[in-house]
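The model comes first, and the notes follow by topic.

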Amino acid sequence: MSRTSRRTHRCGELRAEYVGQRVRLGGWVHRRRDLGGIVFIDLRDRAGIVQVAVGPSAPEDVRRAAAGLSGETVVELEGEVVARPGNMRNPELATGEVEVHPSKLVVVGPAVTPAIPVARGKGEELPAEELRLKYRHLDLRRSEMQANLILRHRLLQRARRTLAELEFLEIETPILTKPTPEGARDYVVPSRVHPGEFYALPQSPQIYKQLLMVAGFDRYFQIARCFRDEDLRNDRQPEFTQIDLEASFIGVEDVLGFVEAVLVALWDEAGQRVARPFPRITWREAMERYGTDKPDLRYELAIADWTAQVGPLGVPFFDSALKNGARVRGLAVKGGAALSRKDVDQLAETAKQLGGSGLAWVKRQGEQISGSVGKHFTAAALGALGVGDGDVALLAVGPDRLTSPVLDRVRREVIRRLGAKPTAAHAFAWVVDFPLFEPDPESGKPVFAHHPFTSPHPDDLAGGKLDSDPFACRALHYDAVYNGNELGSGSIRIIDPAVQRRIFALLGLAPADAEARFGFLLHGLQAGAPPHGGFAIGFDRVVMLLADAGSLRDVIAFPKTTAARALFEGAPAPANPADLRALHIKVER
């Protein structure tokens, strides 16, 4: 309800049914137009804009106040809602059938000329993002930003309602916690009362939510603030929000069902209907067919293994790599002949930038075959690859760790450049059967693919792969993906302390180190742990997608830049020397 002691309605709420009523409004001057005998003021609040008309019959003090108004000044007024003449109605405004004739108008918040414009004309570009972040209080006045944050609020409340209906309990976990490795660097916080000791800001509530399962709270959730000191992108922030959940006496199917219920509810809240259950694809299949573990399944274009077909053709570009056990993989792009030579050259350069050896291509137009390796192909050889008239084959050779990211990027670029039509608006999927470990790029030793609390697949654990071939050991891990975006990750957890210690040992942690770093979890598991698992939905990313925003910064009230700086408040900043001394810290430059 918008009524307070100072106003009866929000500006954007007024409609034709209010004609004849007296209202009290408060808002910001969006625009002011002086037509000589009459002044029109577009008055704005979070609900929208209403036109205020100050004519010759208005009281003199109202006309005087209206004449001196500048943009973004805050005013309060009282007046009558009047129907606009038919030729003066504005169909672009929800309030376009009415206007307000004020009998009182008072300036309550004078404003200097804004550093960046809030009101923009059609086609007028936004100021540079850094400038908008510096003057975020003004940028947040824009209707697009307000709509994004209002949507964010609605989605949060819908998530809470959905999980509460599923009998999850909202429980808060600590922000000041113990440093634990979860794949990124911790933000550390010095303790004043314990010199030389530090807290860490949580990368996730992972261990705490597992301990809540041990404690008997069989369904937990939290709208969790998390912190990771890592390199940033448009879809990353150093502090972010996730919808975190954990449940006991469950299996994979239960967790996927809970998460699907939340995601379907969020999309419904945004006015988009999606069906469940979501289809599933194994990690191995995703990497083989799409080169990524977050494939965009709206498009049918898939990667194929052409080693057997291309090997006998004697293509010099491929021969040496094939002799070393590499594979030739590629994309048969329908209608790809429309790609220009410049397009193909740019794709090949992208492949090299990603560490590949380049990109070979063959174009087929009628009986004419061209391309970087076109002379080695016949129509029949291209037909065996699924390349017909008007199509193009794009080929990469090398180990999968190089060709997969290359072909993933090439696939996405081809879809964009050709303007391919998606087969569906919404393509949710589960990616399952991830590897438990991956090799360290430098040492080749096992490092955890996600986090070290993920349960090995019971078939692989029983088969001895954890010891004999750890890289072949699958994890009970699952990711939710949507239109090529990862929405979140989860897993079934290890509940046997002995298995957890074996995982720590494989990761190179000596027993004493494991005890020092994770003793509180191991002791908890020893107290009797139920089967449990959970998930974390990247909430900022969900809002970004549902708002159709360009980056996470457009759906977070006060975000950081890609350099992890808060331009509005000027953080991070040097600390007061006295504060550093109290914390027993000395800064070396």
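Two strands are taken to pair if DSSP finds at least two bridges between them. Helices (H or I, at least four residues) and strands (E, at least two) are DSSP runs, numbered from the N terminus. This is a predicted model, in which local features need pLDDT of at least 70 and side-chain atom pairs count only at pLDDT 80 or more, while totals for chains, interfaces and linings use all residues. Residues are numbered from 1 along each chain as its sequence is written, and side-chain values use heavy atoms, with hydrogens and water left out.

**Overall**

- The protein holds 18 helices and 22 strands.
- Along the principal axes, its C-alpha atoms fill a box of roughly 90 × 75 × 55 Å.
- Of the 589 residues, 46% are buried; buried means under 20% relative accessible area, exposed over 50%, and partly exposed in between (1.4 Å probe, protein chains only).
- Contact means heavy atoms within 4.5 Å. Among contacts between residues at least 6 apart in sequence, 67% join residues at least 24 apart.

- Eight strands make an open sheet with mixed pairing, in the order 6-9-10-22-21-20-17-11.
- Strand 6 (169-170) and strand 11 (280-282) are at the edges with a single partner strand each, so one side of each has no neighbour in the sheet.
- Strand 17 (residues 428-432) and strand 20 (residues 477-482) run antiparallel and are joined by five bridges. Within this pairing, W430 is opposite A480 of strand 20.

**Helices on the sheet**

- Helix 6 (residues 252-269) packs on the sheet and touches strand 9 (219-227), strand 10 (239-248), strand 11, strand 17, strand 20, strand 21 (485-492) and strand 22 (532-538).
- The direction of helix 6 makes about 25 degrees with that of strand 22. Axes are lines fitted to C-alpha atoms, for helices over the stretch in contact, and angles run from 0 to 180 degrees between N-to-C directions.
- Helix 6 is mostly covered, with 14 of its 18 residues buried.
- From first C-alpha to last, helix 6 reaches 26 Å, close to the 26 Å expected at 1.5 Å a residue; the expected span is 1.5 Å times one less than the number of residues.
- G271 follows helix 6 and has a positive phi, near 85 degrees.
- Helix 7 (residues 283-290) lies across strand 11 and strand 17, at about 85 degrees to strand 11.

**Aromatic pairs**

- The structure has 13 aromatic pairs. Rings of Phe, Tyr and Trp (its six-membered ring) pair if their centres lie within 6.5 Å; planes under 30 degrees apart count as stacked, over 60 as edge-to-face and the rest as tilted.
- W430 and Y478 form an edge-to-face pair, 6.3 Å centre to centre with 90 degrees between the planes. W430 is in strand 17 and Y478 in strand 20, so the pair ties together parts 48 residues apart in sequence. Both W430 and Y478 are buried.
- F453 and F518 are an edge-to-face pair because their ring centres are 5.6 Å apart and their planes stand at 75 degrees. F453 is in the loop between strand 19 (446-448) and helix 13 (458-462), F518 is in helix 16 (residues 511-526), and the two are 65 residues apart.
- F453 is buried, at a relative accessible area of 0%, and F518 is buried, also at 0%.
- Ring pairs join W267, F278, F428, W430, Y478, Y482 and F535 into a cluster.

**Backbone details**

- R276 and P277 are joined by a cis peptide bond with omega about 5 degrees; P277 is in the loop between helix 6 and strand 11.
- The A571 to P572 peptide bond is cis, with omega near 0 degrees. P572 is in the loop between helix 17 (539-546) and helix 18 (577-582).
- E167, a residue other than glycine, has a positive phi near 70 degrees. E167 is in the loop between helix 4 (143-165) and strand 6 and is exposed, with a relative accessible area of 59%.
- N483, a residue other than glycine, has a positive phi near 50 degrees. N483 is in the loop between strand 20 and strand 21 and counts as buried, at 11% relative accessibility.
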